[in-house]
Amino acid sequence: MRVMVLGGAGFMGSNFVEFLVRNARRAEVLVYDKLTYAGRLENLRDVLDRIEFVKGDIVDERMLGETVQRFKPEVVVNFAAETHVDRSINEPAPFIRTNVLGVFTVLEVLRKYRDALYVHISTDEVYGDLSWTQEMADETWCLRPSSPYSASKAAGDLFITAYGRTYGINYTIVRPCNNYGPRQHPEKLIPRTIIRLLLGKPATIYGDGGQVRDWLYVQDFAEGLYTVIKKGESHSIYNICAHNFASVRQIVEMIVEMMGHDPSESIVYVRGRPGDDRRYAMKCDRVRSLGWTPRVDLREGLRRTIEWYKSNRWWWEPILDEYVLSDTPWKL
Ligand code: NAD
């Protein structure tokens, strides 16, 4: 299988590439990534001799098109995106550029090169806020995004389904819940909490911390995605989630306790993030019917993640910025 991975030098992309190299031994892999602040070749260092890497922007139609024509992928998996909600509140424009115009550009390239399945990584955030009494979202749920980030991701999804119907583009959209694990950028909740505690700073909780999310260990996600690519239907959408529901407060308290800190001294509550969703919850019967189920429970996943950040200060120390160090990174 010839697989082109867009955005493969980021957190989830690099974990997926590692999974492919280890488990799909005959796969030929090309990673195409712009190497923004979130993408780093260090993330691929264990597999660099087994893959091809091209530095490129998904909005650059000529370069993307030439790379596709040369490599001739059977599958194009797109992880490339601007991904941090706090950043999307401060500056939405890069989110429109990569998550909307970038997806449009990928579709235009694949409209000319018709031999690949387009596998797009979307998010549970496109379904928006679910009330406490609402049942969980299945793949037919309407899209009601709340942040500039999730709106840009929802726009990408809508272009893909439209291109599938109008031009017959062969696609599969995957909607993961919150992923966590090694190599996640320090700006995201779990690494941010671990790193702040390692630096002797208190962990912060936005608002009351009652926001509920579903937490999936990134290597389980990689296996789920691979299952969808191998066995899933095209022109189709798959939620990939764990049903490891926990609020932001519960996650922070677990990390504080597991790292041996005193919660009364190590947690501060700060102003809530504007527009924050209270609850994400998806059904994932479709992907489970393909035979996939997550293996790593939340406590074990957190233990592995804490260990990784403790042992890999070289990885995160050079990339700390105000999105980790400031208590409330958005400027509204
Ligand atoms: P990340 O921010 O760690 O990595 C994004 C990668 O995309 C980086 O390597 C970056 O260099 C690359 N990139 C950004 N803009 C690009 C462009 N214009 N051209 C080429 N490459 C570009 O992201 P992540 O957390 O690994 O998320 C991957 C995908 O999964 C995203 O589409 C995100 O929306 C989605 N997702 C993430 C989560 C999560 O919990 N991390 C949950 C649901 C969905």
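**Ligand shell and a helix pair in a predicted model**

A polar side-chain atom of Asp33 lies 2.6 Å from an oxygen atom of the ligand, in a structure that is a predicted model. The protein covers 97% of the 830 Å² of accessible area that the ligand has on its own.

**Residues around the ligand**

- The ligand has 29 residues around it, and those that come nearest are Met12, Asp33, Thr83, Tyr149 and Lys153.
- Tyr149, which is one of these nearest residues, places a polar side-chain atom 2.6 Å from an oxygen atom of the ligand.
- For Leu35, by contrast with the side-chain atoms named above, the atom concerned is a backbone N or O, and this atom lies 3.5 Å from an oxygen atom of the ligand.

**Make-up of the shell**

- Sorted by class, the shell around the ligand consists of 13 nonpolar, twelve polar and four charged residues.
- Among the elements that each supply at least two residues of this shell are the helices α1 (11-23) and α5 (148-167), together with the strand β7 (178-180).

**Packing of α6 and α11**

- Helix α6, which spans residues 189-198, packs with helix α11, residues 298-311, at an angle of about 50°, and the axes of the two helices are 10 Å apart.
- Because of that angle, α6 is described as oblique to α11.
- The handedness of the crossing between α6 and α11 is right-handed.

Key. Residues are numbered from 1 along each chain as its sequence is written. This is a predicted model: local features need pLDDT of at least 70, side-chain atom pairs count only at pLDDT 80 or more; totals for chains, interfaces and linings use all residues. Side-chain values use heavy atoms; hydrogens and water are left out. A residue is near a molecule or strand if one of its heavy atoms lies within 4 Å of it. A polar contact is a pair of N or O atoms within 3.5 Å; within protein, one must be able to donate a hydrogen and the other to accept it, and residues adjacent in sequence count only if both atoms are side-chain atoms. Accessible areas come from the Shrake-Rupley method with a 1.4 Å probe; for residues, only the protein chains shown count as cover. Helices (H or I, at least four residues) and strands (E, at least two) are DSSP runs, numbered from the N terminus. Ala, Val, Leu, Ile, Met, Phe, Trp, Tyr, Cys and Pro count as nonpolar, Asp, Glu, Lys and Arg as charged, and the others, Gly among them, as polar. Axes are lines fitted to C-alpha atoms, for helices over the stretch in contact, and angles run from 0 to 180 degrees between N-to-C directions. Angles under 35 degrees count as roughly parallel, over 145 as roughly antiparallel, 65 to 115 as roughly perpendicular and the rest as oblique. A crossing is left-handed if the near helix is turned anticlockwise from the far one by less than a right angle, and right-handed if clockwise.
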